[in-house]
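Here is a short briefing for a first look at this structure. Keep the sequence and the 3D view open as you read.

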Amino acid sequence: MTKYLYPERSQWADIVKRPTFDNSQLRDLVSDLLTQIREGGDLVLKALEEKFDHAQLDNLQVSEAEFEEARKNIDPALAEAIDHAESNIAKFHMSQHHTSQKVETTPGVFCWQKAVPIDKVGLYVPGGTAPLFSTVLMLAIPARIAGCPEIVLCTPPSKDGTVNRAILYAAWKAGVTKVFKVGGVQAIGAMAYGSESVPKVYKIFGPGNQYVQMAKQLVSLKDVAIDMPAGPSEVAVVADGESNPAYVASDFLSQAEHGADSQAMLFTTDDAFAQRFELEMESQLAKLKRQELTRKSISHSKIVVLRNDEDLMDIVNEYAPEHLIINTKNYLQLAERVRNAGSVFLGPYSCESAGDYASGTNHTLPTNGYAKAYNGVNLDSYMRKITFQELSQEGLRTLGPVIMTMAENEQLDAHRNAVAVRLKK
């Protein structure tokens, strides 16, 4: 890891840069695959599944018998944990319902909003090195609560053509309507264009590797909406001299083990703590199963020692982390200064794992600095706000002259006339 001692503000832009990887050939490769999928439908999807996931599939859709097998044979302790997490996530997202009020902006002029769920949403849940059944909960539960009529989920199958039981159990528990054995770029293409088996959706949600993210960006240009631009996962941990190095190291490593391209950052005003942290992290790292992968992530992670709390929070906001852990004595005061972050964890006991799994907040969050402009997935992500207005005769008489004057000055005569013909009567 690189360590920075009291860097000048002129250095901050370089310090908070994310690791970059050469993807010069990625766009063309993904674009070609998407074209094949759009033109070839199920036949191409099955061929790509055999090529990339090494699974020979007769049917892409998960059957009811497969759901039943998953419900019967899932480890009871895991099912109970999923049930508990589902309850917390649902409770938090239910609280996000808001009722719009009808407003009389001018006498006789009424305006209001109506929240309408997206009819068809597509969820992508990666397989890769681990079955992310927690992501099923995070994506499907708010879709169900929003009232989306069709919730489609794609996830890569194993070589024997099956889907992980925990993913199927979570999908059933969260209210997914259809699950398909399709992974990677082919999953994004299938949901963006539709095929004989997979329905075309209106918005796609979910994480994935660089191929999946490139596919989401490309289909979002004209075919379908997406949740947000995304990149490798990341965390920033803020600590002081009274922080527990073991807690901070555990948070650091829990993020680093996501993947070789993940990044973890430690921001502190205490260099002595930074040294204790490094020793503790190495001790914990030696015991991890994913040690080799985690070390690759740590190679582009950083420790930054600042002079004071003002500098500390300013550089954190400049970094705009996906996950922000504030583990300091004055964490509530520092929390007031957070402007840019996906999800914030406060105090010594609020580990990132809580938000990743079961506290109730959503773990689908903006990365790569996009927290400056985007928020994480929430209930509104699955809704559209339609505006309504109603003008009475009194309302048009009152507001009409304003509209006509503005239309005249924009040289839009037909706009002016739409008011004038009504006022004549």
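Which residues point one way from S12, and which the other way? His-323, Ile-325 and Asn-327 point one way, while Leu-324 and Ile-326 point the other. The model is a predicted one.

**Strand S12 and its partners**
- Residues pointing either way from S12 are all buried.
- Strand S9 (residues 234-239) pairs with S12 in the parallel sense over 5 bridges.
- Val-237 has Ile-325 of S12 as its bridge partner.
- Strand S13 (residues 343-346) also runs parallel to S12, joined by 4 bridges.
- Here Ile-326 has Leu-346 of S13 as its bridge partner.

- S3 (residues 109-117) and S14 are joined by 9 bridges.
- Val-116 stands opposite Arg-384 in S14.

**Helices H3 and H6**
- Helix H3 (residues 64-73) packs on helix H6 (residues 165-174) at about 100 degrees, and their axes are 9 Å apart.
- The two helices, H3 and H6, are therefore roughly perpendicular to each other.
- On the H3 side, the contact includes Phe-67, Glu-69 and Ala-70. On the H6 side, it includes Arg-165, Leu-168 and Trp-172.
- The contact residues divide into 6 nonpolar, 1 polar and 4 charged.

**Salt bridges**
- The whole structure holds 19 salt bridges.
- Arg-165 forms a salt bridge with Glu-69, with the closest N and O atoms 2.9 Å apart. This pair links distant parts of the chain, as Arg-165 lies in H6 and Glu-69 in H3, 96 residues apart.
- Arg-165 is partly exposed at 39% relative accessible area, and Glu-69 is partly exposed at 31%.
- Glu-64 forms a salt bridge with Arg-71, with the closest N and O atoms 2.8 Å apart.
- Glu-64 is exposed at 53%, whereas Arg-71 counts as partly exposed at 21%.
- A network of salt bridges links Glu-64, Glu-68, Arg-71 and Lys-72.
- Arg-416 forms a salt bridge with Glu-408, with the closest N and O atoms 2.4 Å apart.
- Arg-416 is partly exposed at 30%, and Glu-408 is partly exposed at 40%.

Notes
Residues numbered from 1 in each chain as written. Predicted model: local features only at pLDDT ≥ 70, side-chain atom pairs only at ≥ 80, totals over all residues. Heavy atoms only, no water. Pairing = 2+ DSSP bridges. Axes fitted to C-alpha atoms, helices over the stretch in contact; angles between N-to-C directions. Parallel < 35°, antiparallel > 145°, perpendicular 65-115°, else oblique. Contact = heavy atoms within 4.5 Å. Nonpolar A, V, L, I, M, F, W, Y, C, P; charged D, E, K, R; others polar. Buried < 20%, exposed > 50% of the residue type's maximum accessible area, 1.4 Å probe, protein only. Salt bridge = Lys/Arg side-chain N within 4 Å of Asp/Glu carboxyl O.
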